[in-house]
Amino acid sequence: MKTFMNKIKTLFRDMKVRKKIIVIYVFVELLPLVLIVAVAYTNIAHLVTQREIENYQNVLDMAVSNVDSDVKVYNNLSNYISYNDTIAQIVNTNYGNDYDAYEQLTTTLDPMISSVTNFHTDVKQVTIYTKNATIAHGTTWLPLKEIQKKSWYKSALSSDTPRWIIDQKQKTVLNVRRMPTLERQNQVGILVITLDYNDLFKSFDESEKYNYGIYVADEHGVIYSHDNILDDQDLLSFKEVKKLSKQKNNRVLMATSKEAGWKVYFYRSRLSLTSAHMERDVLFLIFALGIVVILSLIAMHWMSKYLVDRIEALTKNAESIQEGNLEVTVKSNDHDEIGTLIRSFGTMVEKIKFLIEEVYEAKLNQKNYEMRALQQQINPHFLYNTLSMINFMAIESGQNDISKITLSLSDFYRTALNKGSNICSIADELKNMNAYLDIQQMMHDYEFEVDITVDDEIKGYETPNLILQPIVENAIGHGIDLLEDRKGVLSVYATATEDEVYIMVEDDGVGMDEETKEHMLSQNSKGYGMRNVNQRIKLLYGEEYGLHIESVVGEGTVVTIRLPKRKFVKRDPQR
């Protein structure tokens, strides 16, 4: 062993200096670098895995929170109907004849129940079952005997609070409970609210970018399941998921619905998307490290001759950059390794400057995304519930005008919000405009007339949402409202060619001169609503589309909307 070591020492002493520098670099610099990179990669991989688990947990908590919000809304709706004295009085009255019953049910009960389905589109049906309902009145009031054989009847009969009955195989969702207001009148009544199965659990299948599966279970078993697993071999049964959750395996996460008490199990693929990225990154790291090693060995070969002067200059420049002065002062036209290193240093500094700016912009974008995520958490249910309450109160008080304007306002905001989508059908856009016009006509005491003529075929094409309302508002405010000698008329009609759709909004108001018309869609226009509509259409479809205005002073104005002819296909706004 001693003789072997002596031979190694002799061989090292006899080496040329250039080779000695290479050997020293390999043992002193390169091997520790490889070890540091390996340790750093292991730590980064662990941190990335933890971040991925936290990300999945956030996705799960958000989905459960959204479902809890919906469940709370429907429970409150059930409580409101169950404790409504007006409804209780209607269904508990013994009517002298069928005509009296029919009149009371159709004029009071039906509007109150139908307004619920109008304000809550997820509600498919609301039914009250009582003993004194001898015959069925549509789906609103039915005899109690029709549900007495249902498996959930005894559960509903014994509960003063809403109970959720969900059948995954039949895709049915029922909110059932006993009506306490009828019980006080020695009557038995069961309230059943039928909901859309897919809409109730939609929060669990909106994150398509994740590689995951979900099971939702109540005390009787699975009530909902969904998976977005890329590899079928990673699919897990409900039994396997429950077993892994008890073992606290980080592949399975669990959350509990506070409102309904459901258990939500979330499991991810063994090979997550982040793991795939890490595998790609390590291959790139090995490749980059190999390139660095090759270049370094070549540089060491010439270091003995050209190292000192240029390295010192390079060191001073690096110290200057370390202090924050990102300016390269060392220049070299040499084509050897040191010259290449100096030029690479300059390129690296430029990239660092670029990356600093890029990271700054990324932070700004992150803040914007966080703000947008907060905005998307705003749930319009509060607005709809408030309008629903106003409508109920108006109906009970016999204020039909208040009920009408409340329903119109509800329709306007529902179609305007459009569930976060920028695209809707022309039919939905017309519905939004009609709701706005109903409100405007009531506000103007019906001082102007409305004529809308659009073929059903054209209503099936797509359009950006909320483009007609600003144009109609402009026509009323700057055209019809200024008339003094006659009653104005607002007309909306449409036509289509082989490739395009044209929607015209025409008023016979005071019109506008050429200068006003030219500036209406310009950047300096005060009519920002019209300008905004024009810009949105151009951004979505191209410069050849948008608004065109024709106007004659004293005769009126026609605004033509030019759109590409595309069939409307309902999209998911969360994707």
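This is a predicted model: local features need pLDDT of at least 70, side-chain atom pairs count only at pLDDT 80 or more; totals for chains, interfaces and linings use all residues.
Is Phe201 buried or exposed? At 0% relative accessibility, Phe201 counts as buried.
- The whole structure holds 14 aromatic pairs.
- In one of them, Tyr197 and Tyr224 have ring centres 6.0 Å apart and planes at 50 degrees, so this pair counts as tilted.
- Tyr197 belongs to helix H7 (residues 197–200) and Tyr224 to strand E7 (residues 221–227), so their contact ties together parts that are 27 residues apart in sequence.
- Both Tyr197 and Tyr224 are buried.
- Phe201 also pairs up with Phe204, and here the rings are stacked, with 6.4 Å from centre to centre and 25 degrees between the planes.
- Phe204 is buried as well, at 2% relative accessibility, while Phe201 sits at 0%.

**Salt bridges**
- Side chains of opposite charge can pair when their charged atoms come close.
- The count here is 7 salt bridges, and one of them joins Asp160 to Arg178 at 2.4 Å, N to O.
- Asp160 is in the loop between helix H5 (153–157) and strand E3 (163–167), and Arg178 is in strand E4 (residues 172–178), so that bridge ties together parts 18 residues apart in sequence.
- Another bridge brings Arg566 and Glu462 together at 3.8 Å, N to O.
- Arg566 comes in the segment after strand E16 (556–564), whereas Glu462 is in strand E12 (residues 462–464), so this one ties together parts 104 residues apart in sequence.
- Glu462 is buried, with a relative accessible area of 3%, and Arg566 is partly exposed, with 40%.
- Glu500 and Arg562 also meet in a salt bridge, at 2.5 Å, N to O.
- This time the link runs from strand to strand: Glu500 is in E14 (residues 500–507) and Arg562 in E16, so the pair ties together parts 62 residues apart in sequence.
- Glu500 counts as buried at 13% relative accessibility, and Arg562 as partly exposed at 28%.

**Charges over rings**
- Arg562 turns up again here: its charged end sits over the ring of Tyr545, 5.5 Å from the ring centre, and its side chain is also in the salt bridge with Glu500.
- Lys567 has its charged end over the ring of Tyr461, 4.8 Å from the centre of that ring.

**Nonpolar surface patch**
- Which residues form a nonpolar patch on the surface? Phe287, Ile291 and Leu295 do, and together they have about 310 Å² of accessible area.
- Leu295 is part of helix H9, which covers residues 273–322.
- With a relative accessible area of 53%, Leu295 counts as exposed, because the cut-off for that label is over 50%.

Notes:
Residues are numbered from 1 along each chain as its sequence is written. Side-chain values use heavy atoms; hydrogens and water are left out. Patches are made of residues with over 30% relative accessible area and no salt bridge: like charges are joined within 9 Å, nonpolar side chains (Val, Leu, Ile, Met, Phe, Trp, Tyr) within 5 Å. Accessible areas come from the Shrake-Rupley method with a 1.4 Å probe; for residues, only the protein chains shown count as cover. A salt bridge is a side-chain nitrogen of Lys or Arg within 4 Å of a carboxyl oxygen of Asp or Glu. Helices (H or I, at least four residues) and strands (E, at least two) are DSSP runs, numbered from the N terminus. Buried means under 20% relative accessible area, exposed over 50%, partly exposed in between (1.4 Å probe, protein chains only). Rings of Phe, Tyr and Trp (its six-membered ring) pair if their centres lie within 6.5 Å; planes under 30 degrees apart count as stacked, over 60 as edge-to-face and the rest as tilted. A charge sits over a ring if NZ of Lys or CZ of Arg is within 6 Å of the ring centre and within 35 degrees of the ring normal.
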